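Q: Could you pick one spot in this structure and walk me through it closely? After that, I'd like to hear what else is worth a look.

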Amino acid sequence: MSVATPAPVRTAVRPPAAAPRRRARVRVSTVVMTVGVAIATLVALLPLFIVLFTAFKPTAEVNAFPPTLLPDAWTTANFERIFSDLPFARLIGNSFLFAGGVTLFAVTFDALAAYALARIDFRGRKLMLVAIVATLMIPFQATLVPVYQIVSDLGWVNSFAGLIAPRAADAFGIFFLRQFFVALPRDLDNAARIDGASELRVFWQIILPNARPAILTLAIFIFVNNWNDLLWPLVFTTERDMGTITSGLTQLTGPGGIVPYGVMMAGSLVAVVPLVLAFMLVQRKFIESIATTGLK
Amino acid sequence: MTTAHVDRPRKRPYRAPAPLGGRGSSGVQRTRTGSRRSRSALAFLAPALIVLAIFVVWPMVSALQMSFTDASGFGQAEWVGLDNYTRIFTDPDIRDAVVNTVVYAVLFTPTAVVVALALALLLTSDRLPLRGLFRTALFLPFIISLAVAALAWSYLIDPQVGLLHYWLRGVGIDLGNVLQDPTLAMPAVALVAVWKNFGFYMVIFMAGLQEIPGSLYEAAKMDGANAWTRFWRITLPMLSSTTAFVLIFATIAALQAFDQIYVMTGGGPYGNTQTVVMEIYESGFRKLDLGFASALSYVLLLATLVLSIVQFVFFGRREEES
């Protein structure tokens, strides 16, 4: 890449002499790079465009040859059908209750635990942290059967308690928040403790307000994961009325293998829009806090 | 611990007059402070620990126990010893599922990691315009559910009405019915997973790249190292712990593949995309063979653990060397 620029020239009169030459060279590679990234982005977004546009196509166009990207005649018929073929309003409500409930509980429980692990010096703290992180290694599928049995022994099958309880705390969230809490300056809470504040008060009034971006990020992360989850609602809900959008969509596939694409795309679009909106609102903080906490 | 020791003497004089400090008024003894701390720590940890104990640790134990029985969810389960495990190692269907899972992992993991790293490198270059926009757009697939993504891709490559299929045929590539093709179905399913997940790995790589000191590159440039050499000699070695993290995450994701297969192929054609987790789902929840499903889960868990440890040790060591 670095074209043979004579070294002495560079070091001696660097800014004025090197600038014009550099700019000319940079432009070509920058253009190549930008075009490359733009193409990758278009490929990445193609399926999303397909969902968006197919949802508004009449059935004849969905199955027409040659296929087109944009609909000729825009229609909302597909959206009407998802509501008549499935208890769709109910499924949306279920998704909100399930994903929202898990988020509420998990963020609360994870934050409390993370606070203890990051901010209270107690015996066995390290061991506790290692034990919690170790549970991350366990694939969900390995415990799926017994978890189902526990839920069924509790009489919670086809109830929100049963859907939510197994997810009400998770090692990832504890670990994620702990990384944030540890990084906050120690003087903050020590000063409050000196003034006689209880641990709960330090947690509530000092740590939480300062960790708002991390809390928000974790909340979005948990919400998205549960909203999108297929296996757990599929296994767990035997009643159609207790399914979520994601599990409900898979039931639209006809038994003869005929896929009503237009209808499914409309359902998918409805399922995706809340997530994309939520993500757009917080995307900068979201990506940055994954970037800064994912590793240390 | 050191900070606590430093703080303690300073704390005491202040605590006495504090209105809420109740107990500490006449000089708190160290042991008492310690046990009080442990108690409040435990109170903070309790809700999470209870959930994890009931829904993670206990199921682990009971899955292990169940894996030695013929549990079906109905009636009394009989102890069958290692029968389930011997069945796993002799059943040809399971052997096929293991082979399929390995094929899937080999297709998915390196592709996802390389794509993520390449895009992370491009997106951290300060010569790229509109970085924020590209970053958001490339991350979007990660927040879409695999079920929806799989559906969109199925439609795009449909041999009759698929737009991508049509475009590819326009440039002379006829893939035929990809999802019904015994050799192409698995690569297609793995590629969809790459598309879905690279954004997450990309962000992690971007974080790792930002932590490499720029002075290293400056020095290398002075020595006349070209971009390629700089990548191999600086970027890659400095990124090895990030790479280990991403590889382990990607491998675990590959071994647990379920959603896109369930939606796109249902395990077909001719069981060619039937993976281990699909087998667990089918034997546990379709055939109600809970003992067998548990045994299979344990074999999967052990494989995941071993692979993670091997990767961690391998890349951890490389990091120390550099």
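A: When I say two residues touch, I mean they have heavy atoms within 4.5 Å. Bear in mind this is a predicted model, where local features need pLDDT of at least 70, side-chain atom pairs count only at pLDDT 80 or more and totals for chains, interfaces and linings use all residues, while side-chain values use heavy atoms, with hydrogens and water left out. Residues are numbered from 1 along each chain as written, with chains lettered from A and ligands numbered from 1 in written order.

Let's zoom in on Ala114(A), which sits in helix α5 (residues 88–119) of chain A; helices are DSSP runs of H or I, at least four residues, numbered from the N terminus. Ala114(A) counts as buried because its relative accessibility is 0%, and the cut-off is under 20% with a 1.4 Å probe, protein chains only. Leaving out residues up to four places away in sequence, Ala114(A) touches Ile174(A), Leu177(A), Arg178(A) and Phe181(A). Go 29 residues along the chain to Asp85(A), and the two C-alpha atoms are 44 Å apart.

Now hop over to α7(A), residues 140–153. Its buried residues include Leu144(A), Val147(A) and Ile150(A). Just past α7(A), Gly155(A) has a positive phi of about 75 degrees.

As for the neighbouring chain, 104 residues of chain A are in contact with 97 residues of chain B.

Technical notes: Buried means under 20% relative accessible area, exposed over 50%, partly exposed in between (1.4 Å probe, protein chains only). Helices (H or I, at least four residues) and strands (E, at least two) are DSSP runs, numbered from the N terminus.
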